[in-house]
Each structure stands twice: as C-alpha cells, then as structure tokens.
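This report describes one protein model for a reader who is new to structures. Please look at the sequence and the model before reading on.

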Amino acid sequence: MTASSLSATKLKAAAHNFAEVIRHLDADALDELARVFSPEARFKDPFNDVIGRDAIVRVFAHGFRRCPKLRFLVEEMAFVPDARVVYFYWRFCCGTQEQLTLTGVSRVVFDELGLVIEHIDYWDPAEQVYDKVPLLGAILRWVRGRLSS
C-alpha cells in the first residue's frame, strides 16, 4: 500500500482519536495508549528511543511515576495526508501547580489502519529542563549569552 492509502478523512479521525487518548491518559489507563500504536511502533524523545508497544507504555509509565498529576494538552494539529503524518503542538504539565510545563511538537506517522507507527517528539530539554537546575542552568545561560548576537 502507498502512503496515501489512508484517506485524509481517516487520517484526521485517527489523529483526533490519538489526541483524545493523550489528553485523557493516566497511570491507570496505559492500555488505552497501547491501542493507538502499532505493535512495532517507534517512540523517540530527547531521552528515549524505543520500539514496540510495551516499550512505549514503559516510557509513559515512567513519566507517571516521576511526575505527579502528569497531563498532556494538545493545542494544535497540522495534517500532511499524502504522507500519513500529523504534527501535534502540545504542552506537558507535571505537578499539582504545573510546577513543570514543557512545550513541543510531535511528528506522528500513521499506518493504513490508523495506528501510530512512529512518534518523534521535538522539544528543547536545555531550555525547558536543564535551565532549572541551579548550577547547570547558570552555565547554559552563560553559554547562550556568549553565542547570541
């Protein structure tokens, strides 16, 4: 089958379904996450690069163990139907008072059945995480200051 064998309408439906699963995800319902990924799907972010539903669920389970009240907010979606690709602009909130909020973009590729076969997150851990570490953050801000015009 070609990349275009998933119609634009079905791609949008799959993307909205994926976004709803992500929005309502919690530590007790990670099986819902497994249902939207193909068995050999790939997930990559700045800290992980894994293949397979079980490995992907483990990444998210780890996130729920480390971050109280973790939630994902999908803000925008952009569709590339001929490539079965959807870009999601999102916010990741961690903590009861949103002590940590990250923003990023995910490039998600769907198969002919509307399951995710590749999910790659793009976000800057240096700016959004490392900057908050006292000594490391000061060093990174100094380096950025030296490199900026």
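The sections below go from the overall layout to the aromatic rings, the salt bridges and one arginine.

## Basis of the model

This is a predicted model, in which local features need pLDDT of at least 70 and side-chain atom pairs count only at pLDDT 80 or more, while totals for chains, interfaces and linings use all residues. Residues are numbered from 1 along each chain as its sequence is written, and side-chain values use heavy atoms, with hydrogens and water left out.

## Overall layout

The protein has five helices and six strands. Helices (H or I, at least four residues) and strands (E, at least two) are DSSP runs, numbered from the N terminus. Along the sequence, their order is α-α-β-β-α-β-β-β-β-α-α.

The protein has 149 residues, and 40% of them count as buried. Buried means under 20% relative accessible area, exposed means over 50%, and partly exposed is in between (1.4 Å probe, protein chains only).

Contacts (heavy atoms within 4.5 Å) give another view of the fold. Of those between residues at least 6 apart in sequence, 46% join residues at least 24 apart.

## Aromatic rings

A pair of aromatic rings is described by the distance of the centres and the angle of the planes. Rings of Phe, Tyr and Trp (its six-membered ring) pair if their centres lie within 6.5 Å; planes under 30 degrees apart count as stacked, over 60 as edge-to-face and the rest as tilted. The structure contains seven aromatic pairs. In one of them, the ring centres of Phe-18 and Phe-37 are 6.0 Å apart and the planes stand at 80°, so this pair is edge-to-face. The pair links distant parts of the chain, since Phe-18 is in helix H1 (residues 8-23) and Phe-37 is in strand S1 (residues 37-44), 19 residues apart.

Phe-18 counts as buried, at 3% relative accessibility, and Phe-37 is buried too, at 1%. Together with Phe-88 and Phe-110, Phe-18 and Phe-37 form one aromatic cluster.

A charge also sits over a ring in this model: the charged end of Lys-12 is 5.4 Å from the centre of the ring of Phe-79. The rule for this is that NZ of Lys or CZ of Arg is within 6 Å of the ring centre and within 35 degrees of the ring normal.

## Salt bridges

Side chains of opposite charge can pair when their charged atoms come close. A salt bridge is a side-chain nitrogen of Lys or Arg within 4 Å of a carboxyl oxygen of Asp or Glu. By this rule there are eight salt bridges. One of them joins Glu-32 and Arg-35, at 2.9 Å from N to O. Both residues lie in helix H2 (residues 30-36), three residues apart, which is about one turn of the helix. Glu-32 is partly exposed, with a relative accessible area of 35%.

Another salt bridge joins Glu-75 and Arg-91, whose closest N and O atoms are 2.8 Å apart. Glu-75 is in strand S3 and Arg-91 in strand S4, so the pair ties together parts that are 16 residues apart in sequence. Glu-75 is partly exposed at 39% relative accessibility, and Arg-91 is partly exposed at 27%. Elsewhere, a network of salt bridges links Arg-42, Asp-49, Arg-107 and Glu-118.

## Arg-84

Where in the chain is Arg-84? Arg-84 lies in the loop between strand S3 (71-80) and strand S4 (85-94). Although Arg-84 is not a glycine, it has a positive phi of about 55°. Arg-84 counts as buried, at 9% relative accessibility.

The side chains of Arg-84 and Glu-112 meet in a salt bridge of 3.4 Å, N to O. This pair links distant parts of the chain: Glu-112 is in the loop between strand S5 (100-110) and strand S6 (116-122), and Arg-84 is in the loop between S3 and S4, 28 residues apart. Glu-112 is partly exposed, with a relative accessible area of 31%.

The side chains of Arg-84 and Glu-112 also make a polar contact (3.4 Å). A polar contact is a pair of N or O atoms within 3.5 Å; within protein, one must be able to donate a hydrogen and the other to accept it, and residues adjacent in sequence count only if both atoms are side-chain atoms. A polar atom of the Arg-84 side chain also lies 2.5 Å from the backbone oxygen of Phe-110.
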